[in-house]
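Visitor: Before we talk about helices and interfaces, could you put the structure up, and then explain the terms as we go?

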Protein chains: 2
Amino acid sequence: MFEAAEVGRKIPKQAFETRAREVQTALLAAQRALRDSSIPVVVIVSGVEGAGKGSVVNRLNEWLDARGIETNAFWDETDEDRQRPRYWRFWRALPARGTIGIMFGSWYTRPIIDRVFQRVEEAEFDRELARIAEFERMLVNDGALIVKLWYHLPKKVQRKRLEAESKDRRHSPLLKKFSKRYDRFSEVSERAIRTTDSGPCPWHVVEATDDRYRDLTTAEILLEAVTRRLADAAVTAAAEATAPPTPTEPAREPVAPEASLTILDRVDLTRALSSKAYSRELDRLQAKLRGLAWAARARRRHVIAVFEGWDAAGKGGAIRRVTGAMDARLFRVISVAAPTDEERAHHYLWRFWRHVPRAGHVTIYDRSWYGRVLVERVEGFATDHEWRRAYEEINEFEEQLCEHGTVLMKFWLHISPEEQLERFREREVTPWKEHKITPEDWRNRERWGAYELAVNEMVARTSTAFAPWKVVAANDKRWARTEVLRTFCDRLEEAVS
Amino acid sequence: MFEAAEVGRKIPKQAFETRAREVQTALLAAQRALRDSSIPVVVIVSGVEGAGKGSVVNRLNEWLDARGIETNAFWDETDEDRQRPRYWRFWRALPARGTIGIMFGSWYTRPIIDRVFQRVEEAEFDRELARIAEFERMLVNDGALIVKLWYHLPKKVQRKRLEAESKDRRHSPLLKKFSKRYDRFSEVSERAIRTTDSGPCPWHVVEATDDRYRDLTTAEILLEAVTRRLADAAVTAAAEATAPPTPTEPAREPVAPEASLTILDRVDLTRALSSKAYSRELDRLQAKLRGLAWAARARRRHVIAVFEGWDAAGKGGAIRRVTGAMDARLFRVISVAAPTDEERAHHYLWRFWRHVPRAGHVTIYDRSWYGRVLVERVEGFATDHEWRRAYEEINEFEEQLCEHGTVLMKFWLHISPEEQLERFREREVTPWKEHKITPEDWRNRERWGAYELAVNEMVARTSTAFAPWKVVAANDKRWARTEVLRTFCDRLEEAVS
């Protein structure tokens with residue numbers, strides 16, 4: 001695969017200067033057009049040591065308009081990085097729509113190096129590559145353009161370069177290690193490239209022997225990719241403009257409960273607790289949780305709890321019973337409201353990745369990424385494609401959290417429509433509760449059936465072994481709160497034992 | 001000062017429940033009004049160990065609407081925190097306009113603890129307190145409301161509480177240390193409170209013996225402060241609405257150059273370099289910088305370089321000559337464009353604090369916080385008060401950077417109006433440069449005199465011993481680029497030797 005990049009292509013200085021100007025002019029025009037699009041561009045700069053990846057990065061920064069381009073170098077990890085799932089730092093660095101993010105080093109770097117130095121088995125390596133492919137597909141589905149560049153040098157050329165470089169101080173600490181492992185590195189990276197070379201996200205192997213050829217080819221690849229992507233976007237937009245309007249509101253109605261008994265139907269909403277029993281249980285469970293939260297911190301476990309449920313199901317009250325039992329320094333509650341413009345300019349999971357806790361901390365999401373398959377689905381804010389593929393994206397996200405050792409709990413607080421009505425009415429007449437009821441709540445209520453369908457599908461499709469849903473009967477607040485606390489305690493106990 | 005908080009105030013349960021509901025309802029209303037204002041609210045929760053600060057935080061989270069409130073606990077520092085000036089973590093946590101940020105622990109914590117355990121001298125402690133006062137004044141000037149709460153316990157009560165708490169696992173590691181140092185802690189914190197108790201930012205000392213009194217008083221203080229601040233804002237808005245419109249465009253014109261020779265007038269714009277000499281110098285300086293950048297990294301020095309200058313003065317070109325000599329993993333260029341809505345919702349320095357580099361890294365700002373006293377001043381985007389106090393705020397910011405060991409360089413690239421005109425015209429006809437010229441550039445050009453005045457004042461008022469301006473003659477690009485590189489090398493050399 002790399003042979004094609006060993007033919008010794010060169011560009012003379014004069015030809016380079018002429019062509020470079022043309023390409024730069026075209027690139028700048030493309031970058032301007034990009035700015036008004038909703039396309040984030042990820043440029044991955046990778047390849048063998050000594051190929052001049054740093055020079056390529058500098059060159060791109062020179063040729064492009066600095067506004068709307070950001071370079072991210074991934075080498076040393078901070079402890080904030082280390083204390084979170086591995087992809088956190090990449091999520092942090094993803095470019096916003098309309099801008100270009102140059103990744104100097106990327107999600108490929110560590111898997112390849114780990115494999116070269118035989119820190120991981122082949123099976124594990126393949127699994128990493130599959131994860132990468134999935135990650136990239138997710139970004140592409142969201143509208144991203146990913147340009148993957150691999151810079152190649154023939155063995156002899158590399159050796160010569162590394163010898164020359166070791167005389168000055170530019171060399172990185174890894175440099176010597178690599179020159180001895182050329183063949184091994186070639187073999188491993190070829191496998192990585194082959195496995196992740198997909199139609200929407202192809203690799204471009206660039207011969208790096210001649211600097212001018214390398215830089216010019218890079219610019220041409222980037223130009224072609226951006227131009228094509230912009231044209232595709234224009235075609236799609238035109239097709240959408242001429243196509244008959246699709247109903248934004250899916251006409252799907254729930255099937256009759258007799259025909260299919262759903263998960264929610266099986267919830268026993270009569271469960272209740274007397275005031276006295278509640279008081280006793282609450283004290284007992286909170287005392288227990290208090291100790292467990294400290295124990296989880298001592299073991300540096302991450303804890304994430306997601307609260308979803310019908311409007312007025314009592315999410316806030318349940319959350320406060322949990323946080324009331326924890327030291328305020330241990331947890332953080334994220335109330336999910338309308339996204340900021342920085343958040344809107346990224347993949348919808350970006351804003352949740354932002355808040356993933358460090359080791360020993362608890363993050364509670366009051367509503368969460370599940371909005372995608374609930375409100376966004378039902379109200380038509382997400383397209384059919386978008387919410388349908390979200391299940392897989394969410395499962396993948398949660399798997400990463402759990403692999404990193406996160407204790408992930410997901411609660412659905414379930415009430416009956418009658419109970420909801422009663423609570424809405426109470427809220428309207430109670431001064432310290434009226435802020436909780438809005439016209440939107442009444443509107444949502446009218447679509448109970450559509451939401452029910454969405455909730456059932458969500459619970460069914462995202463109840464994984466590592467992150468099962470806990471559906472809580474919440475017609476009785478006392479019962480619901482103790483159930484939540486009990487689950488919290490059980491899961492933490494399991495995690496610290 | 002603390003005696004007034006040892007009178008043993010209590011609130012019976014019944015009275016508490018009634019009053020709590022009223023206060024909560026009023027607080028929620030205030031919070032709603034706040035949301036539409038441009039006021040960020042900072043609530044500092046501090047005080048003696050055992051006073052139940054955590055419970056207060058939980059209580060506030062219970063009573064307020066979770067949307068628009070965020071709790072930040074400052075206890076363990078991450079290495080990302082440690083590698084930056086001490087206030088970085090506080091800046092990160094500042095609430096956006098219209099929201100409430102609860103600070104559990106704050107900028108007071110470490111100075112007080114350091115002084116209690118005699119890690120710092122009294123003079124240094126006082127200096128820290130002065131810095132805090134300045135920081136708070138800056139936030140208040142920007143429209144913030146800061147509510148500072150200090151929870152106090154009489155000695156006997158504290159001892160009893162700590163004994164009780166040490167039986168369960170809630171206690172923090174510092175707990176035992178503190179119980180023995182009650183008097184010392186009292187004395188130091190009294191000094192801190194007294195020194196930083198200013199009119200716009202008063203302290204509230206709250207007796208914490210009775211939980212109900214403590215929580216209710218907290219809510220009442222917060223309610224009163226928010227209500228008053230909202231009323232002030234309304235008065236100001238009304239006054240502005242009825243006052244005769246002030247000219248947004250300051251009528252200030254530069255005095256005749258004969259009358260006052262300015263800094264810019266003294267720049268010798270005839271300095272130039274032949275192509276051959278340039279080529280030699282560039283190679284020499286870039287090679288030198290290459291080594292110095294690695295040396296600076298090895299010594300974990302932070303480097304910040306600010307580039308300001310007339311439109312078309314050659315900032316971009318100069319920056320690329322610097323970055324071209326550095327490994328792409330070492331630096332990051334921040335091009336300052338229009339702020340995002342998250343940035344707009346904070347103090348204008350917030351967006352620059354965001355990008356302060358970690359140890360061993362270089363951040364280059366292509367335009368910077370000086371926009372406040374340049375374009376924002378001249379174009380009237382900042383009020384008179386705003387840009388006038390910015391000099392002090394900027395000096396304070398830069399002093400913090402430098403105290404933390406940052407090498408801070410500031411370049412003003414200076415050209416004559418004639419040279420600018422020539423470059424504008426060239427840009428208009430050169431395909432790969434036309435993106436650099438906009439109607440705004442022509443408009444700015446018409447106000448050369450006003451900008452000149454602003455630049456002179458900026459250089460005069462912010463050229464400090466720790467961060468002097470380097471005014472670079474830039475009519476000749478070759479001269480300017482080597483000057484910048486030379487300064488870069490000199491400053492780095494000084495820093496690593």
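Guide: Helix axes are lines fitted to C-alpha atoms over the stretch in contact, and the angle between two of them runs from 0 to 180 degrees between N-to-C directions; helices (H or I, at least four residues) and strands (E, at least two) are DSSP runs numbered from the N terminus. This is a predicted model, in which local features need pLDDT of at least 70 and side-chain atom pairs count only at pLDDT 80 or more, while totals for chains, interfaces and linings use all residues. Residues are numbered from 1 along each chain as its sequence is written, chains are lettered from A in the order in which they are written, and side-chain values use heavy atoms, with hydrogens and water left out.

Visitor: Which residues make the contact between H5(A) and H6(A)?

Guide: Pro111(A), Ile112(A) and Arg115(A) of H5(A) meet Glu122(A), Phe125(A), Glu128(A) and Ile132(A) of H6(A), where contact means heavy atoms within 4.5 Å. By class these residues are 4 nonpolar, no polar and 3 charged, with Asp, Glu, Lys and Arg counted as charged, Ala, Val, Leu, Ile, Met, Phe, Trp, Tyr, Cys and Pro as nonpolar, and the others, Gly among them, as polar.

Visitor: What makes Glu80(B) and Arg92(A) a salt bridge?

Guide: The rule asks for a side-chain nitrogen of Lys or Arg within 4 Å of a carboxyl oxygen of Asp or Glu, and in this pair the closest N and O atoms are 3.0 Å apart. Across the interface of chain B and chain A the rule finds 6 salt bridges, and over all chains a search of the whole structure finds 106.

Visitor: How much area is buried between chain B and chain A?

Guide: About 5,200 Å² is buried, with carbon and sulfur atoms giving 52%; buried area is the accessible area (1.4 Å probe) that two parts lose on being put together, summed over both. Trp75(B), Arg329(B) and Trp432(B) supply 15% of what chain B buries against chain A, more than any other three residues. The contact takes 57 residues from each of chain B and chain A.

Visitor: Why is the pair Glu207(A) and Arg9(A) said to tie together separate parts of chain A?

Guide: The closest N and O atoms of this salt bridge are 3.5 Å apart. Glu207(A) lies in strand S5 (residues 203–207) and Arg9(A) in the segment before helix H1 (13–35), so the pair joins parts that are 198 residues apart in sequence.
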